[in-house]
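Trainee: Could you take me through one part of this model closely, and then show how the rest is arranged around that part?

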Amino acid sequence: MRRKRMINNAVKNGLLALYAIFALFPLFWMVLISFKSDAQMFNTTFIFDPTLENYEAVLLRTDYFKYFFDSVIVSVIAVLVSVLAGVPAAYALARYNFKKKEDLAFTILSFRFAPEILVVLPLFMIYQKIGLYDTYFGLIWVYQLITMPLLIWVIRGYFEDISVEIEHAAMVDGYTWWQVFLKRLLPLIKPGLVSASLLAFIFAWNNFTFPLMLSGTKVETITVASLKYIASDTVHYGQMAVAATVSALPAVIFALCIQKHLVRGLSFGAVKG
Amino acid sequence: MAFNKKDAAKNDLNTVPWLTKARPYLIMAPSLLITIGILVPFAMAIYYSFTSYTFKLPTFKFVGLKNWLNMFKDPAFWHAIWVTIRYAFFATIVEMGLGLGIALLLGNTENKFTKFLRVVLTFPLMVAPAIATIIWQLMTNNSVGILEKFLNIFGVYNFPWAASHATAMFTAVLIDTWVYCPFVIILILAGIQSLPKSPFESAKIDGGSAWFNFRNLTLPMIKPCIYIALLFRLMASLQEFSIIFALTKGGPGDTLMNLSVTAYNTGFAFQKFAASLPIILVLWVIVNLTAKQIVKKWQYSQKVASGRDAAEGGKS
């Protein structure tokens with residue numbers, strides 16, 4: 001019986017280890033290659049002299065930092081706008097009963113699931129006409145389709161978890177509605193709000209379709225710009241790896257911070273892990 | 001009416017002030033105004049699909065159903081539908097199967113190894129699909145990629161990966177799985193970890209086999225989580241654009257031309273804006289109908305899960 005259990009455990013851990021290799025090795029390989037010089041690229045595997053020349057080439061001698069900061073600007077402001085407009089909306093959906101409430105909530109959710117190209121094709125035409133093509137404002141606006149539904153749906157769940165009595169008690173203490181919201185509720189949803197914002201940031205950061213079609217050379221995000229490192233005639237694999245590594249870094253770091261709230265955010269509040 | 005008004009004026013306290021009634025709508029307004037932009041392009045997409053609009057010419061005219069009929073006559077459209085369905089089917093099946101398996105393996109054991117895995121397994125999910133494709137190109141490249149060296153051990157040389165008609169779909173699904181399988185894992189894992197203990201304890205006393213426990217206890221109770229994962233994955237893989245575009249732009253030939261990529265090519269590369277709209281509208285209908293079916297199943301499974309839960313509680 002004990003032996004059977006030991007074998008069981010060994011098989012279990014073996015399978016998990018296999019999957020872990022599948023999930024992590026590509027990332028490890030990417031970082032590894034980013035330290036390889038072009039000369040060592042073809043004749044070495046794991047043992048080589050690490051060099052920073054790829055990092056120098058990409059970060060100092062191309063516009064990589066410009067792409068990086070374009071991504072930062074667009075994603076951060078998109079999330080801020082969504083927080084400012086979305087948190088009150090989430091509160092309204094959680095606390096008030098009004099006509100068409102669920103319809104409104106599902107309309108907002110459906111924005112997230114509309115095919116991106118369906119939005120982009122007509123928007124491309126509109127943006128060209130009203131001068132929003134290839135601007136920060138244009139991208140930040142369209143990014144709302146990614147960040148807003150996420151924030152509203154996830155934060156709504158956190159508001160629903162808070163007992164109404166807390167609000168009533170605060171009202172009895174003489175707080176106005178606005179003060180209750182700021183001083184009693186916001187501190188309670190803060191962990192949820194921070195993690196939902198970080199996840200929204202990651203989604204915005206990772207988006208590819210919108211910047212590919214709605215911006216050109218003035219505003220270029222990192223996901224679109226990174227593909228350039230493939231397209232060049234003489235492919236510098238090391239530089240490709242650097243571009244991928246640096247652009248993946250912020251998302252992975254943020255993901256580490258929000259482990260506890262990840263399930264809830266990813267499922268838009270449908271699964272409360 | 002007159003009576004009501006008078007009555008209301010008499011005791012103010014019983015009527016809801018206009019501002020209070022409107023408050024939820026007012027609070028919602030900014031978020032709706034910002035996102036409502038999407039309804040405009042959507043309405044425009046339907047309208048322009050009946051015109052001859054291109055980006056090149058300033059004038060266009062109403063052409064009725066021409067774009068739609070041309071699309072239905074075009075074999076490339078039916079090919080795109082077939083590719084879309086195959087891609088979504090394979091990606092979803094593999095991710096759901098593998099995700100469920102890994103989640104079940106992780107769920108029951110609590111030690112340092114599984115705790116570590118739970119955190120690091122989410123990393124691929126955080127990498128942008130376009131960037132993930134670059135990473136996999138570094139892996140599958142035949143001159144610098146590690147996978148070529150690995151396959152050489154087994155006597156396989158120059159495996160073509162995304163470059164060949166026969167293996168391009170496999171490569172794309174592999175990348176899709178790498179990125180999104182963690183999503184399925186952590187959703188199902190959340191379901192497994194929230195399972196109540198008592199039904200499993202009583203099953204142990206009754207001497208139920210592991211398979212019996214899984215089929216009759218675990219599965220019905222984690223079904224809502226499974227359906228949520230399925231909903232998200234199926235809808236996204238039906239529309240997948242980033243991975244395919246970054247990998248081969250739909251090639252080699254038309255191997256990976258799904259509806260999204262076809263619409264992009266028709267609209268941007270060939271500049272036939274109006275002709276690209278019916279393609280993407282068809283995709284929208286497919287996605288919506290699929291989502292509705294799964295949402296229905298999800299709602300039903302939630303009822304069953306909570307019902308079984310109560311029944312088990314009563315028995316033990």
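**Residues 268-291 of chain B and their setting**

Mentor: Start with residues 268-291 of chain B: this span is 88% helix and 0% strand, and its end C-alpha atoms lie 28 Å apart. Keep in mind that the model is predicted. The span comes from a record. In an unreviewed entry, UniProt lists 268-291 of chain B as a "transmembrane region", along with 25-50, 76-107, 119-139, 159-192 and 225-248.

Now look at the loop between α14 (259-269) and α15 (273-315) of chain B, where B:Q271 sits. The backbone does something to notice here. B:Q271 has a positive phi, near 60°, and is not a glycine. A residue counts as exposed at 12 or fewer C-beta neighbours and as buried at 20 or more. B:Q271 has 13 other C-beta atoms within 10 Å, so it is partly exposed.

A:D134 is not a glycine either, yet its phi is positive, about 65°. A:D134 also lies in a loop, between α5 (116-130) and α6 of chain A. A:D134 has 17 C-beta neighbours inside 10 Å and therefore counts as partly exposed.

Compare residues 76-107 of chain B: they are 100% helix and 0% strand, with end C-alpha atoms 45 Å apart.

Chain B as a whole is divided into domain 1 (2-46) and domain 2 (66-315). Their C-alpha centres lie 40 Å apart. Helix α4 (residues 66-73) of chain B holds B:K73. Which class does B:K73 fall into, buried or exposed? B:K73 is exposed, because 9 other C-beta atoms lie within 10 Å. From B:K73 to B:P129 is 56 residues in sequence, and 33 Å in space from C-alpha to C-alpha.

Next, the partner. On chain A, 70 residues are in contact with 69 residues of chain B. Helix α1 (residues 2-34) of chain A gives the most to chain A's side of this contact, with 13 residues. By class, that side has 56 nonpolar, 12 polar and 2 charged residues.

Chain A has its own record. UniProt, again in an unreviewed entry, marks a "transmembrane region" at 16-35, 72-94, 106-127, 139-159, 185-205 and 237-258 of chain A. Take two of these. Residues 16-35 of chain A are 95% helix and 0% strand, and their end C-alpha atoms are 29 Å apart. Residues 185-205 of chain A are 100% helix and 0% strand, with end C-alpha atoms 29 Å apart.

Finish with a helix pair inside chain A. Two packed helices are described by the angle between their axes and the distance between the axes. Helix α3 (residues 64-95) and helix α6 (residues 136-161) of chain A pack at about 35°, with axes 6 Å apart. The crossing of α3(A) and α6(A) is right-handed. Their contact has 22 nonpolar, 4 polar and 3 charged residues.

Definitions and conventions:
Residues are numbered from 1 along each chain as its sequence is written. Chains are lettered from A and ligands numbered from 1 in the order in which they are written. This is a predicted model: local features need pLDDT of at least 70, side-chain atom pairs count only at pLDDT 80 or more; totals for chains, interfaces and linings use all residues. Axes are lines fitted to C-alpha atoms, for helices over the stretch in contact, and angles run from 0 to 180 degrees between N-to-C directions. Helices (H or I, at least four residues) and strands (E, at least two) are DSSP runs, numbered from the N terminus. A crossing is left-handed if the near helix is turned anticlockwise from the far one by less than a right angle, and right-handed if clockwise. Ala, Val, Leu, Ile, Met, Phe, Trp, Tyr, Cys and Pro count as nonpolar, Asp, Glu, Lys and Arg as charged, and the others, Gly among them, as polar. Domain bounds come from an automatic or database domain assignment. Two residues are in contact if their C-beta atoms, placed from the backbone, lie within 7 Å. UniProt positions are given in the numbering used here, feature names are shortened, and annotations may be inferred rather than shown by experiment.
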